[in-house]
Amino acid sequence: MPEQTPIGPVDSSRVPRFAGFATFARLPRIDQVEHADVAVVGVPFDAGVSYRPGARFGPAALREASRLLRPYHPELDVSPFAETQVVDAGDIALNPFNIGEAIETLQSEAEALTANGTRLVTVGGDHTIALPLLRAAAKKHGPVALLHFDAHLDTWDTYFGEPYTHGTPFRRASEEGLLDTEALSHVGTRGPLYGKRDLEEDRRLGFGIVTSGDVMRRGVAETVDALRQRIGGRPLYISVDIDVLDPAHAPGTGTPEAGGMTSRELLEILRGLRDCNLVGADVVELAPAYDHAEITAIAASHVAYDLVSLLSLGKGA
């Protein structure tokens, strides 16, 4: 059978961007196509946060901000919605009162969505969701390389004795053997820690660190080169906590830290990862109650768009 032409976004010359259904980038729903190459899926869950709640409303805010996205990406020279079938897979409903059950449900749902080769860009929700998503990715691809964009390490052991929170997913992922320990990087970290031991334990897990200050001093090109050397051709998962951006660029998040990256720096680093073997990604910790004029939601929607574009270009199916 001939390959079907992807169904793209609603034509904005016929239906104004502020009208119609609020799917990601006004794309079709997953039930409107026979097969999806890439699915954007929401996870409105924030029971794992340690400070300001509200990321459960992140998927809806990102979709609303994505109405202005257009179908051609000039920096990457790709029309992602024409090259691949991209859809909005709606939201995955999780138990907000039982973190363990929520993690199991999300892993199961992610495995089902990716069973036929669909790759996910998941919109949170808090960073707890990265663990079940990594479980699903590793089950399909084996241990994955990880690029973790965040103000924080998220490799702490527990909070109040609890092992599953938004500050612990990558400790658990490392312990479970989900990560390729030769290809792990935090990017954009900054701010006070509980002690030097935090860095020592993180290093023992195999992570390299590129701080927001490093990005400023080295520049985007050198940063990208170092990350690409570390990743190589390994299956790659990218996890973006929107608080990697400075509060000037992303006030709408739960644990903001001063001295962060600009949205331009983040997007340029992501674009530098073209042709890496990207197999999945997430954008988390958008908390719209603290946002102003959709600054954070707009930034997060563009991050998601760039991740979709990379998957459209990539070989990670």
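A crossing of two helices is left-handed if the near helix is turned anticlockwise from the far one by less than a right angle, and right-handed if clockwise. In this predicted model, local features need pLDDT of at least 70 and side-chain atom pairs pLDDT 80 or more, while totals for chains, interfaces and linings use all residues. Residues are numbered from 1 along each chain as its sequence is written, and side-chain values use heavy atoms, without hydrogens and water.

Helix α3 passes helix α4 in a right-handed crossing. The table lists two packed helix pairs, with axes fitted to C-alpha atoms over the stretch in contact and angles, from 0 to 180 degrees, taken between N-to-C directions.

| Helix pair | Angle | Axis distance |
|---|---|---|
| α3 (residues 99–114) and α4 (residues 130–141) | about 40 degrees | 8 Å |
| α1 (residues 58–65) and α10 (residues 295–313) | roughly 80 degrees | within 8 Å |

Because of its angle, the pair α3 and α4 is oblique, and α1 is roughly perpendicular to α10. Angles of 65 to 115 degrees count as roughly perpendicular, under 35 as roughly parallel, over 145 as roughly antiparallel, and the rest as oblique.

Contact means heavy atoms within 4.5 Å. Residues of α3 in contact with α4 include Ile 103, Leu 106 and Glu 111, and those of α4 include Leu 133, Arg 135 and Lys 139. On the other pair, Ala 61, Leu 62 and Ala 65 of α1 meet Ala 297, Ile 298, Ala 300, Ser 301 and Ala 304 of α10.

Elsewhere, strand β5 (residues 179–189) pairs with strand β6 (residues 207–211) in the parallel sense over five bridges; pairing requires at least two bridges found by DSSP.

Conventions. Helix = DSSP H or I, 4+ residues; strand = E, 2+ residues; numbered from the N terminus.
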